[in-house]
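Student: I would like to learn how to read contacts of aromatic rings in a model. Please start with charges over rings.

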Amino acid sequence: MKPDTWKSALLSVLIAALFIGVWHLATLPKAATAQSAANDEYAVLLGKTSAKQTGFPPPLEIGKAIVKYLGDPFYDHGPNDKGIAIQLGHSLGRVGIGFLLAALVAIPLGFTIGMSPLIYRALDPFIQVLKPISPLAWMPLALYTIKDSNISGIFVIFICSLWPMLINTAFGVAGVRRDWLNVARTLEVRPLRRAFTVILPAAAPTIVTGARISMGIAWLVIVAAEMLVGGTGIGYFVWNEWNNLALPNVIFAILMIGLVGMALDHLFAMLQKWVTYAE
Amino acid sequence: MSAFKDPFDYRNRLGAGSCTCGKHQSQAEHDAVDELAIGADEDTLSQRVIESAVMRAIFPDDNKRRDFLRAVGKSTALAAISSVFPFGALEAMAADKLPLEKSNLKIGFIPITCSSPIVMAEPLGFYRAQGLSVEVVKTASWALIRDKVINKEYDASHMLAPMPIAMSLGVGSSPLAVNVATIQNTNGQAITLALKHKDKRDPKMWKGFKFAVPFDYSMHNFLLRYYVAEYGLDPDKDIQIRVVPPPEMVANLRAGNIDGFLGPDPFNQRAVYDEVGFIHILSKDIWDGHPCCSFAAPAEFVKQNPNTFAALYRAVLTASKMARDPKNRPIIAEVLSPPNYLNQPKTVLEQVLTGRFADGLGQVQNVPTRADFDPFPWYSMAVWILTQMKRWGYVKGDVQYKDIAEKVYLLTDARRHMAEVGIAAPKENYAKFKVLGKEFDPMKPDAYLESFAIKRS
């Protein structure tokens, strides 16, 4: 086991190095085109004389952006220019609130649906219609009715986190082994106690899997939602740098989005391990 | 604190940092001793606060300020900056205070040079001088500006000149009475085409082109439609016009999604800077002196907060006054270029504001009137906008041109406040003007509309 982990880690590093190497070679500046008149005013106005970035940025530029932003993650230069940690904090806050609200609705509702085939069949068409709607399609409607861009962002996270958790909870609850329920019935366990001590632990792995999928989607959606609504958050950061066509900063933001997404997923993986049981 | 220090002394630091002379534990301690030594009276100090704010805005990097002062000397710098900057006027206004109904305000803006006056009023301290604490919030699109104003997330906002008219009429929006306080900017737009269309300078060759404009209810849309229609193209049939938020125009032009755009600066210049497009025609050559954006607020806000609104008026007009003077344009470019505001290379903003620019075809052009910031909200401008809205079918039926114009555009208030800050306002309310050489008489809007061959109504 141990040597294998080492090998795979080494391989990962090699792949990264190869990728960056190829990237570096591919973006090497072309042999300086003879700019005969370097002080030509036209060239100056096009920014040719200063170090202007043209074409796809080389890895070194990304490195500079990483050092610049991670070196001072908490700066606050007014409402439209904040450090990367503050932006990520705003995004995580929105995702957290939206996700918690979704969990508060999805898990109890999922329980009800899972325990009653009648309700399941009655609600099924609605779930099937609402599930495939892109969360961003809700945005104009949300802005119009909720009348607050920040809450609209949270609503979008809520609506997209809801379905995987709801469906997985219902599925997990419905799939609890008959024998266990029968044993509970023989022992005359009250319904509420049965829900918490028999069904919940039994369905927990499926529920957490649903939550993990939901969180993944929420993190995907928040970036798009913030690009649309603006103000704060990592999505706004990407949008603001896109305005300036500052690709190194955009790539840096992409990297951060990936890392945070991985961390969130890892958190749920640990939770999953904790609730999993062997039959 | 450092705000009380002489900002025209290169030895002083304005930002946070340790003591400048090195003899004291902290800068605060150093200052305390320093001030005792100077024995400065309160007035001088409060003046210094304003001066420091200005210097900090002009030179966000403290080292640059110090280099600048070291190079030209304190008295030259003071004279140069005082001559362009109305320090005196600011202090006079700060003295005259009416109780403000609301002093913490949120104002939305789109990161384009049109927004210069309302945005620069923040870093330069014009709002603070009026006792207002204003947060200028960058916004992703015009549709979002509209929604945030309707939702009362913004107290007032940067808006396209036709937007308040459309919103008040409930066209493309739920109806909300919105007033135009001032015009933000005049001219300053352009038609930019992708470099591959270098040889298609005649609009007759544009059949099938895809163009971007920032919003349906924008001068950009109406000017582009007017322009192509004058060359015999029907803007609804012969070309495609789509709405793209200004900041995304250059990216779309580069990707080949659009052939060109009639967009706000700095994105025309940015397309040139990034070598993806060239400037086909400046909007000033379509209609010299056309309005573009406005400073607008819901009528309800205007009614409920008269003193606050008057203070806002003065702050924004002070900024307009400063922005109109060509001498100040390089300073404005410097102030607006950081990420918190327009987030653009300084040279791009400078080319837009000074009118000495690269056109993307290898020429340096010199058009000092490329962008201007005349704040006067002529009723005739609103009437022209309404004629075009009717022409292209955005409004139908009989239009009460004058009634709507006089209800939405606050010309009388603008005139009064312009006098307060010392801007000469015209005496007339309506003026004739020429668009592509064709005269518009605001007294005869229907006849004007009849005279066009290509129209929807």
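Tutor: In this predicted model, Arg370(B) lies over the face of Phe357(B), 4.3 Å from the ring centre. A charge counts as over a ring if NZ of Lys or CZ of Arg is within 6 Å of the ring centre and within 35 degrees of the ring normal. The charged end of Lys438(B) likewise sits over the ring of Phe452(B), at 4.5 Å from its centre.

Student: What conventions apply?

Tutor: Residues are numbered from 1 along each chain as its sequence is written, and chains are lettered from A and ligands numbered from 1 in the order written. Local features need pLDDT of at least 70, side-chain atom pairs count only at pLDDT 80 or more, and totals for chains, interfaces and linings use all residues, while side-chain values use heavy atoms, without hydrogens and water.

Student: How is a pair of aromatic rings described?

Tutor: By the distance of the centres and the angle of the planes. Rings of Phe, Tyr and Trp (its six-membered ring) pair if their centres lie within 6.5 Å; planes under 30 degrees apart are stacked, over 60 edge-to-face, the rest tilted.

Student: How many aromatic pairs are found over all chains?

Tutor: The whole structure has 27. One of them, Tyr69(A) with Phe237(A), is edge-to-face, with 5.2 Å centre to centre and 85° between the planes.

Student: Are Tyr69(A) and Phe237(A) buried or exposed?

Tutor: Both are buried, meaning under 20% relative accessible area with a 1.4 Å probe, protein chains only (exposed is over 50%, partly exposed in between).

Student: Which residues form a cluster through ring pairs?

Tutor: Tyr226(B), Trp287(B), Trp384(B), Phe433(B), Phe440(B), Tyr448(B) and Phe452(B).
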